[in-house]
Amino acid sequence: MRSGDREALWRVLEARRDHRHFRPDPVPQGALERVLEAFRVAPSVGLSQPWHVTVVRGPDLRNAVYTSFAGVRAREQERFAGPRRALYNTLKLEGIREAPVGLLVSFVPPADATLGTTSLPTALEYSVVSAITLAWLAATAEGLGMGWVSLVEPDDLMAALGLPGHLRPLAYLCLGFPALDLKEPLLQTVGWAQARPLTVEWRD
């Protein structure tokens with residue numbers, strides 16, 4: 001490793017945020033391709049690379065994704081009551097229509113037995129999440145913002161994007177230039193939750 005690489009890595013790690021506010025500026029093709037390259041170098045159990053990435057740029061497609069989000073959000077608010085629901089209703093939880101690019105990352109079940117998954121088959125899905133994390137860091141290094149929208153129905157995404165039936169959507173990611181400079185997690189800023197200190201148990 002070159003001198004300064006450790007410091008540069010930690011600057012990116014500390015700067016990464018879950019963004020929901022985006023500028024309308026288009027994402028340069030070169031930057032987008034470098035973010036996607038993170039999937040090529042990402043680790044995966046048994047070298048399975050069990051992911052499929054769909055780049056979503058058309059406004060009609062993004063509107064279809066937003067429709068799914070709106071339905072799920074309406075159901076989720078019912079899980080909270082009183083002041084908690086009032087705060088929930090003020091939260092911006094996505095940037096689907098504002099972000100010029102969406103990335104739908106799907107899980108691809110391997111056709112054959114995969115090394116390393118005998119006792120923990122979910123390691124395949126963990127591998128997809130690991131790859132997403134690297135893409136998130138790559139986006140941060142490019143000066144881009146990324147936000148993970150979990151309030152969407154996988155079946156809606158399958159239908160809207162015409163995905164083959166063997167794929168299973170795991171993440172819809174909004175990608176673009178951030179409109180806000182977030183110094184801390186947004187949910188902490190608005191008072192929904194507080195980041196906790198790291199707790200590590202040491203055993204010898």
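This is a predicted model: local features need pLDDT of at least 70, side-chain atom pairs count only at pLDDT 80 or more; totals for chains, interfaces and linings use all residues.

Trainee: Which residues touch the most other members of the largest nonpolar core?

Mentor: A nonpolar core is a set of buried Ala, Val, Leu, Ile, Met, Phe, Trp, Tyr and Cys residues joined through side-chain atoms within 4.5 Å. Buried means under 20% relative accessible area, exposed over 50%, partly exposed in between (1.4 Å probe, protein chains only). Here the core has 28 residues, and Val105, Leu144, Met146 and Leu175 touch the most other members. Helix H5 gives the most, nine residues. Helices (H or I, at least four residues) and strands (E, at least two) are DSSP runs, numbered from the N terminus.

Trainee: Why is strand E3 largely enclosed?

Mentor: Four of its five residues, 145-149, are buried, so the rest of the structure largely encloses E3.

Trainee: How do I read a salt bridge?

Mentor: Side chains of opposite charge can pair when their charged atoms come close. The criterion is a side-chain nitrogen of Lys or Arg within 4 Å of a carboxyl oxygen of Asp or Glu. The whole structure has 13. Arginine 34 bridges to glutamate 142, with closest N and O atoms 2.6 Å apart. They sit 108 residues apart: arginine 34 in H2, glutamate 142 in the loop between H5 and E3.

Trainee: Is arginine 34 buried or partly exposed?

Mentor: Partly exposed, at 47% relative accessible area.

Note on methods: Residues are numbered from 1 along each chain as its sequence is written. Side-chain values use heavy atoms; hydrogens and water are left out.
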